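Colleague: I am new to this one. Can we go through the terms as we meet them?
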Amino acid sequence: MTSRPARVVGAMVLALAIGGIVLAVRQPELSRRTSDFTIGYGVGTMIRTGQAGDVYDQARLGTVLQHLTPGEPIDPRLPFNQPLAAGLVFVPLSLLPIDVAFRVWQLAGAGILLLAFFLLQSAVRLPGRAPWLGWLALLASAPAWATLTEGQLTPLLVLGAASLVVAGAHDRVALAGIGGALLAIKPQYLPAYLLVLVAQRRWAAALAALAGGGAILLSPLAAGGPQGLAAMARSAFAGDQLVALRLMEGWVGPLASVLPGSVASRVGLALFALTTAGLAAVAWRRPSGSSATACLFGFMAILGSPHSLPHDLVLLAVPAWLCVSVFVEGLLPSPLYGLAMVDLAVLIDLRGTPVSLGPIVLTAALVVYGLQFRRRSKQRAQPLPAAA
């Protein structure tokens, strides 16, 4: 029989999920037209009309954006800073009117998130209706609201991360290639999940994921050869100039609030390199196929990222699922409390704060849960006292 506190928590999650859906459905037209989706829709239009070589030309893209949203205050300086292959997602959507395409992608994004949970369930099984409950909990979160109202590609990243977790659990090489390709849409998140496969000694899967990610990362070659790759890199740095680094939800966010912009940008790259090197050392020296290791690597992928906005935190759904499985094993307290605190911090960040609270709260939660995991693991490893 379900306890009263569980029913209360369930009712709150359901109410927040419904609230998030209502927020997305009733989003004003001005907000939709000036969302990140418009950039993708513009790139999809350019690819479909034979202008793939110009997607990183800011003047050309800015003209297309202004044409798509006449009279709207969209910033024509907003760049397309992802691999060219990411724009292929928007090609079929560009055949629809932009408002209809936006709604179609919102529905598709919600469906992709649900698919990711069912995929995770096939490898790391949780009791009962866990995929549906996890989906509702995710829809109740601030990162999911940001993802759906911006029309972001982030659901594909969640599916990619889930695919690599499943590929590692079952040594599925083809699925690893797909997962690597999806995560390479935002390549800063790919190394941590590649290193999960290294820690599991799934060499064939790791190579497949690397090949899939590499194919996506090299797709800008079709937009002008090596100049296309350079243009994508320039667009990425241009995007960092338009969005304040203090808004990032990785460690670079709080640091950027006290450092000059140029210094903070270099510090962010250095933190990314150090985080990746640290995870590589752990993966190489301490091979592990445990959910706890994959969970830690998934959280570190966010914290060490040089560019992670609130909508990117839907990626936390994957390590959160793994944390719940460790909780079921009795090696962690309930992760729901920590996740709820992180979500509250992100919600405050979305309202505007001088310092990003999300990475601070997430780091504190990792420390607390890490100490609990270590203590419980030691207790479990101790032999039982001999009977008198």
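Colleague: How many cavities of 30 Å³ or more does the structure hold?

Modeller: The structure holds 1. This is a predicted model, where local features need pLDDT of at least 70, side-chain atom pairs count only at pLDDT 80 or more, and totals for linings use all residues. Residues are numbered from 1 along each chain, and side-chain values use heavy atoms, without hydrogens and water.

Colleague: What makes a space a cavity?

Modeller: On a 1 Å grid over the protein atoms alone, a 1.4 Å probe fits at its points but cannot get out. The largest cavity has about 50 Å³ of space.

Colleague: Which residues line the largest cavity?

Modeller: Among them are Q188, F272, M300 and S305; lining residues have an atom within 4 Å of a point. Helix α15 (261-285) supplies at least two lining residues. Its share is the largest, 4 residues.

Colleague: How does the lining divide into nonpolar, polar and charged?

Modeller: It has 6 nonpolar, 5 polar and no charged residues. Gly counts as polar here, Ala and Met as nonpolar.

Colleague: Which residues of α4 (residues 58-68) are buried?

Modeller: L61, G62, V64, L65 and L68 are buried, each under 20% relative accessible area (1.4 Å probe, protein chains only).

Colleague: Why do they line one face of α4?

Modeller: Down the axis of α4, they fall within an arc of 160°, so they line one face. On the other side, A59 and H67 are exposed, that is, over 50%.

Colleague: What caps the N-terminal end of α4?

Modeller: D57 does, with a side-chain oxygen 3.2 Å from the backbone nitrogen of A59. A polar contact is a pair of N or O atoms within 3.5 Å, one able to donate a hydrogen and the other to accept it.

Notes:
On a 1 Å grid over the protein atoms alone, a cavity is a set of points where a 1.4 Å probe fits but cannot get out, and a pocket is an open set with protein on both sides within 12 Å along at least five of seven lines; lining residues have an atom within 4 Å of a point. Grid points are joined across faces, edges and corners, and a volume is the space filled by probe spheres set on the points. The arc is that of the directions from the helix axis to the C-beta atoms.
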